[in-house]
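Please examine the sequence and the three-dimensional structure shown below before reading on. The text that follows is intended to be read alongside them.

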Amino acid sequence: MNVITGTHTIESVAKELGIKKTSAINVISKLKKEGKVTVSGGGRQKRIYKISTTQQMKTNGFYDLVNKYSKEKLVPSFKHVIHGRYTIEQAIIDGIKIGDTRTMEATTYLFKKITNWKRLFNLAKKNKVETQVYNLYSKARKTMKCRRMPKRYEL
Amino acid sequence: MINTKDQEELFELVSKYLEADIECYALGGTAMMFYGYKNTTKDIDLLFQTTKEINTFIKAIKQLGYKERSIKGIYPEKRLKLKSKPIMFTRGDERFDLFLNNIFGFNINENIKERCYSRQDFIGTKELIIKILSKEDIILLKAITGREKDFEDIQTIIEQDKDINWDVIIDEAIIQRKHKEWILIDLEETMKQLKKITFLPSKLFKKIYAAEEKM
C-alpha cells in the first residue's frame, strides 16, 4: 500500500494515490483499523482524516477532562493516558502541578464538578499543595457558581 | 519478548502491587512502543530518580515472581564497570532493566523532562506514572550505545517519522558532554551511518565538530 500521511478528505486521498473514491475509502478503512487515522466531521460536515505513519495514541487524561468541563480550552503539552480511574480531584492536583497561568485558569472550572472533597484534600496533602488548592477554590468561588467547600477543609 | 498490549497489562498489574505512588521514565524500546514505532521489545527499560521509588518498584515485581540476574553478557564489558549500570530482573521471556538517576552516565535533566512526549498513569492500588521520553532523546540514547539493534531502532524511527529535530539531539549531546566524554563522537559516528539512508545537512556535523573543539 502506498504511504500517505497528513490531513486529507476521501477525494484528496483518491487523487494523491491515483485510485477511485471507493478504493480510497478502503485504504482509509484499513489504516483506521491499524489505529493510524483520526476522523473529524461527519453528517453535514465533510469528514477530514488525519493520517499518520504510527499508531495514534488515544488520550483520556487531564487535558481531555479539562477541555470537557472548562470554558477555557487547553492545547495539550503532552499526551496523557490513564489506565484505571482518573477523578476530577486528581485532575485539579495535576492542573496545579502543571502550574502555568492558563492551565490554572482552566482548572478552576473543575471545582464545579467536585464530588469528593475528602479525596481532594487527601491528594493535596500528599502532594503538598493544600494552599494552592484553597487559593484556586477561593478564585473559583469568586468568579463562577461552584459548590461550597465543607468548613473542616478550609485553611 | 513482550508486545504493546502485554506491556500495558503488566504495568497495570504492577500498579496493583505497589506500596506507594511512584514516577519513572520509559526509555528505549519501551518508549518506542508507547509511540507506536514498534510492537515488541526484548526488555522494559525504566529510569527512576530516587532509591525509594526504585525499591518500591522492585518490591512489587518481586512479588510477581521476577528475579534479579546479572547483566553480564547483555551489555558491553566496558559498561559493566560503570556505577550507573542497570539492575536487571527477569521472569521467563520478560525482562526489566532498571536504572537509577542516569543511564550509563546520561542524565535526565530538566530539558529532557520538559520534552517528554507522553505521560501514562497506571492507577491500581497506588499510582505508577510513566513518562515517555521524546523521540529526539530516544534517538540520542540509542545513538550512543553502539549496539547494532539500537541502530536498527533509530532507522525504524526515522523511516516512520520524518519530523525529527536534529538540532535538539545535538544540543542535548553538547549538554551531556560534561558528564559523558564520548557522547559527541558516538553521535557523530551514528549520524554518519544514518547519512547513507537519510538526508542530514552538513551544518549538523559542523555543529558537532565546533562543540567538540570547544571542549
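The model is a predicted one.

Chain B is assigned domain 1 (2-133) and domain 2 (137-214). The centres of domain 1 of chain B and domain 2 of chain B, taken over C-alpha atoms, are separated by 23 Å. Contact between them involves 16 residues of domain 1 of chain B and 13 residues of domain 2 of chain B. On the side of domain 1 of chain B that touches domain 2 of chain B, at least two residues come from each of helix 2 (28-35), strand 9 (106-107) and helix 5 (110-115) of chain B. Helix 2 of chain B gives the most to this side, namely four residues. By class, this side of domain 1 of chain B comprises eight nonpolar, six polar and two charged residues.

Which residues does B:Ala31 touch, not counting residues up to four places away in sequence? They are B:Ala26, B:Ile132, B:Leu133 and B:Ile138.

Attention now turns to the contact between the chains. Chain B contributes 16 residues to the contact and chain A contributes 14 residues. Helix 1 (4-17) and strand 10 (118-123) of chain B each supply at least two residues of the side of chain B that touches chain A. Strand 10 of chain B gives the most to that side, with six residues. The residues on the side of chain B that touches chain A divide into six nonpolar, five polar and five charged.

Five bridges join it to strand 4 (residues 79-83) of chain A, and the two strands run parallel. Within this pairing, A:Lys79 stands opposite B:Ser118 in strand 10 of chain B.

Two helices of chain B may be considered next. Helix 10 (residues 202-214) of chain B has 13 residues and reaches 19 Å from its first C-alpha to its last, close to the 18 Å expected at 1.5 Å a residue. Is helix 10 of chain B largely buried or largely in the open? The number buried among its 13 residues is zero, so helix 10 of chain B lies largely in the open. B:Gln63, by contrast, has its place in helix 3 (residues 51-63) of chain B. Because B:Gln63 has 13 C-beta neighbours inside 10 Å, it counts as partly exposed. B:Gln63 and B:Phe205 are 142 residues apart in sequence, and 48 Å apart in space from C-alpha to C-alpha.

A:Tyr109 is placed in the loop between helix 5 (101-108) and helix 6 (117-126) of chain A. It counts as partly exposed because it has 19 C-beta neighbours inside 10 Å, whereas a residue is buried at 20 or more. A:Tyr109 touches A:Tyr69, A:Ser70 and A:Lys71, not counting residues up to four places away in sequence. The C-alpha atoms of A:Tyr109 and A:Tyr153, which are 44 residues apart along the chain, are separated by 19 Å.

Notes:
Residues numbered from 1 in each chain as written. Chains lettered and ligands numbered in written order. Predicted model: local features only at pLDDT ≥ 70, side-chain atom pairs only at ≥ 80, totals over all residues. Buried ≥ 20, exposed ≤ 12 C-beta atoms within 10 Å, placed from the backbone. Contact = placed C-beta atoms within 7 Å. Nonpolar A, V, L, I, M, F, W, Y, C, P; charged D, E, K, R; others polar. Pairing = 2+ DSSP bridges. Expected span 1.5 Å × (residues − 1). Domains from an automatic or database assignment.
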